Amino acid sequence: MKQIIKIIVLIAVSISVFGCNNKNREEQKALLESNKNLALKFLHGVQDGDKKAMYDAAGLTEQIVANSREKLIHSAKYKQTDAQKKDLEHALRVSGNIDFIAAKIKVLLPKTAAIQITNVVGKDPVEGGKTTEYTVQVTNNVKEDAIHDKTGKAVKVMVLPFLSVSRLIDGNWIHDFSFDTKDFEKLAVRNFDVLTYF
């Protein structure tokens with residue numbers, strides 16, 4: 001009888017663990033899909049020169065930026081912990097990155113180009129932030145608008161590595177969209193990952 005009870009308990013625990021794993025996988029899949037949509041919204045904002053769309057995708061508002069600046073400038077008054085200061089700095093950094101990234105990558109995303117995210121991978125959290133990596137495919141539909149690579153050839157289809165670091169700040173997810181340093185350096189010298197040329 002004890003053996004039967006042990007087997008039943010073991011089966012119940014196995015089913016419970018399997019159910020939790022499936023639930024976690026579904027939640028992770030939904031999170032990645034949500035992040036993909038936000039990254040696409042951000043890139044379309046860059047393409048259209050729409051700063052509001054970029055702010056929306058990043059989870060920022062002018063109020064969040066103003067509050068972060070106020071609390072950092074008057075840190076003695078607000079008595080922030082080191083972790084809170086890091087969060088405030090993250091919000092301001094995201095705001096600054098929006099201007100920087102938009103200016104640097106707008107040339108890669110002409111209005112006549114189609115933007116598609118072909119792959120999304122979640123990485124292990126680092127320093128309180130969740131990192132998501134994206135593979136962005138840019139298809140230039142008009143040769144005259146297309147960027148040229150370092151050899152001078154017009155690029156028809158290229159792939160850009162892109163990433164976001166997301167942090168929960170005062171109950172809001174703030175997403176910092178950018179390139180890693182190595183990828184950004186390659187883009188700066190027009191060393192693109194080209195799939196096809198015109």
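The legends below describe several close-up views of one predicted model.

Residues are numbered from 1 along each chain as its sequence is written. Because the model is predicted, local features need pLDDT of at least 70 and side-chain atom pairs count only at pLDDT 80 or more, whereas totals for chains, interfaces and linings use all residues, and side-chain values use heavy atoms, with hydrogens and water left out.

**View 1. The stacked pair of Phe162 and Phe177.**
Rings of Phe, Tyr and Trp (its six-membered ring) are paired if their centres lie within 6.5 Å, and such pairs are called stacked with planes under 30 degrees apart, edge-to-face with planes over 60 degrees apart, and tilted for the rest. By this rule there are seven aromatic pairs. In the stacked pair of Phe162 and Phe177, the centres are 6.1 Å apart and the angle between the planes is 5°. Phe162 belongs to strand S3 (residues 155-169) and Phe177 to strand S4 (residues 172-178), so the pair ties together parts that are 15 residues apart in sequence; helices (H or I, at least four residues) and strands (E, at least two) are DSSP runs, numbered from the N terminus. Phe162 and Phe177 are both buried, where buried means under 20% relative accessible area, exposed over 50% and partly exposed in between (1.4 Å probe, protein chains only). Ring pairs link Phe42, Phe100, Tyr134, Phe162, Phe177, Phe179 and Phe184 into a cluster.

**View 2. The largest nonpolar core around Phe42.**
A nonpolar core is a set of buried Ala, Val, Leu, Ile, Met, Phe, Trp, Tyr and Cys residues joined through side-chain atoms within 4.5 Å. The largest one has 39 residues, of which Phe42, Leu60, Leu108, Leu109, Val136 and Leu160 touch the most other members. Among the elements that give two or more residues to this core are helix H1 (2-48), helix H2 (51-58) and helix H3 (62-73), while H5 gives the most, with six residues. Leaving aside residues up to four places away in sequence, Phe42 is in contact (heavy atoms within 4.5 Å) with Met54, Ala57, Ile98, Ile101, Phe162 and Phe177.

**View 3. Strand S3 and its pairing partners.**
Eleven of the 15 residues of S3 are buried, so this strand is largely enclosed by the rest of the structure. Strands are taken to pair if DSSP finds at least two bridges between them. S3 runs antiparallel to S2, to which it is joined by ten bridges, and here Thr132 stands opposite Ser164 in S3. The pairing of S3 with strand S5 (residues 193-197) is also antiparallel, over four bridges, with Val157 opposite Thr196 in S5. S3 and S4 pair in the antiparallel sense over seven bridges, and Ile169 has Asn172 in S4 as its bridge partner. The hairpin of S3 and S4 has two residues between the strands, and within this hairpin Asp170 takes a positive phi near 50°.

Asn97 is located in helix H5 (residues 82-105).
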